[in-house]
Amino acid sequence: MIDELASMDHNDALALMEELNEKTFRAKQVLEWINKGVRPDAMANIPKTLREKLEAIPFGGAEIIDVRKSQRDDTMKFLYKLDDENIVEGVLMRYSYGNTLCISCQVGCRMGCRFCASTLNGKVRDLTPGEMLSEVTAVERLIPSGDDKKRTVTNIVMMGCGEPLDNYDNTIRFLKRATAADGLGISPRNISLSTCGLVPRIYTLPDDAPHVTLCISLHAPNDELRRKTMPIANSYSLSELIPAAKFYSDKTGRRVIFEYALIEGVNSSDADARELSRLLKGINCHVNLIPLNSVKERSLNGVTRKRAQDFALLLQKLGLSATVRRELGTDIDGACGQLRNKHIDSQKEGEE
Ligand code: SAH
């Protein structure tokens, strides 16, 4: 028996119909509903007897329980409730080329980055592939594109709560279903996976998953500085991480994105920019800069936008491709983990 409905592929659906003594053609019908995130009780063209059998199987769902809309831009933030009541979050950003949904892959995170709100209370559990797919389909049900052939969510970034390469197998299965023609059918070019740098997994990724855009959270130009904010830097040094990035780019032909959050007085000086340019010399890459989003529980502050732009200019002069990322949804706790923490805090206050 399969473990959840939401991440079934056509073969799984066929095997399930056989197991349930149902006609083969039901597999395609059921899969069409699944790809729309519809649960068995609402599968209109499926007989009640089959719906009941399907309802007995875990779904792997994520239901939107709260929506925040930014007053400054069109960004929307969602709180999802998983079937076991755990909470994760997602953000929908509107761009001229389409809509990008930022999804979560774990409840909490155990990577311990000092500037990140997701990791404050550690990891609770991994998300299943179905739950990640459901984050996408739940948004599409809430905001239909109006055209059956077009998706609302055209791009996905795995940059919400959690570390995708610390939930490797489920992430791979999610990516396969997200890109499959009989799944969500989203091009791998439109999917980005962000990692704090689990080096061995970067090497296996090109063979295991469709060639998505790899983003590496770098945030420092040397090991000493990186270790101050990112515990993962104690496990893998830059002399291991940078060759892994180069390997990914060489193997897939894709440009690797390095993310760099500029923290006041920590990693944002001209000397840091120079060191960064030396570190990344010769790698097919782009540097995405963002002033750190200050998190109330942490004592680290972001630089001004002007400083971020100057840092980008210096990197460009030194021969790197670099831009400052647009800040979207800052009025709705856009940074990962912030809204979930607020929700948990408010529930605690309610209980007190
Ligand atoms: N675990 C993955 C993906 C999750 S976070 C990773 O580490 O890449 C997505 C990005 O947001 C990462 O680059 C992360 O370092 C960054 N980030 C986390 N907290 C931030 C903050 N307060 N301000 C700016 N960027 C932040």
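Asp-126 and Lys-123 form a salt bridge, in which the closest N and O atoms are 3.1 Å apart. The model is predicted, and the structure holds 20 salt bridges. Side chains of opposite charge can pair when their charged atoms come close. This briefing considers several such pairs and then the second largest pocket.

**Salt bridges**

- Asp-126 counts as partly exposed because its relative accessibility is 26%; Lys-123, at 30%, is likewise partly exposed.
- Glu-131 and Arg-125 meet through their side chains in a salt bridge of 2.9 Å, N to O. Glu-131 has a relative accessibility of 5% and therefore counts as buried.
- Glu-259 is joined to Arg-325 by a salt bridge whose closest N and O atoms are 3.8 Å apart. Glu-259 belongs to strand S10, whereas Arg-325 lies in the loop between strand S12 and helix H12, so the pair ties together parts 66 residues apart in sequence.
- Glu-259 is buried, at 6% relative accessibility, while Arg-325 is partly exposed, at 28%.
- A network of salt bridges links Arg-39, Glu-63 and Asp-83.

**The second largest pocket**

- The volume of the second largest pocket is about 590 Å³. It is lined by 21 residues, of which Asn-35, Lys-36, Glu-140, Asp-148 and Arg-151 are the closest to its centre.
- Helix H2 (25–35) and helix H4 (129–142) are the elements that each give two or more residues to this lining; the largest share, 4 residues, comes from H2.
- The lining comprises 11 charged, 7 polar and 3 nonpolar residues.
- The second largest pocket lies between domain 1 (5–55) and domain 2 (62–351), because both give residues to its lining.

Key. Residues are numbered from 1 along each chain as its sequence is written. This is a predicted model: local features need pLDDT of at least 70, side-chain atom pairs count only at pLDDT 80 or more; totals for chains, interfaces and linings use all residues. Side-chain values use heavy atoms; hydrogens and water are left out. On a 1 Å grid over the protein atoms alone, a cavity is a set of points where a 1.4 Å probe fits but cannot get out, and a pocket is an open set with protein on both sides within 12 Å along at least five of seven lines; lining residues have an atom within 4 Å of a point. Grid points are joined across faces, edges and corners, and a volume is the space filled by probe spheres set on the points. Ala, Val, Leu, Ile, Met, Phe, Trp, Tyr, Cys and Pro count as nonpolar, Asp, Glu, Lys and Arg as charged, and the others, Gly among them, as polar. Domain bounds come from an automatic or database domain assignment. A salt bridge is a side-chain nitrogen of Lys or Arg within 4 Å of a carboxyl oxygen of Asp or Glu. Buried means under 20% relative accessible area, exposed over 50%, partly exposed in between (1.4 Å probe, protein chains only).
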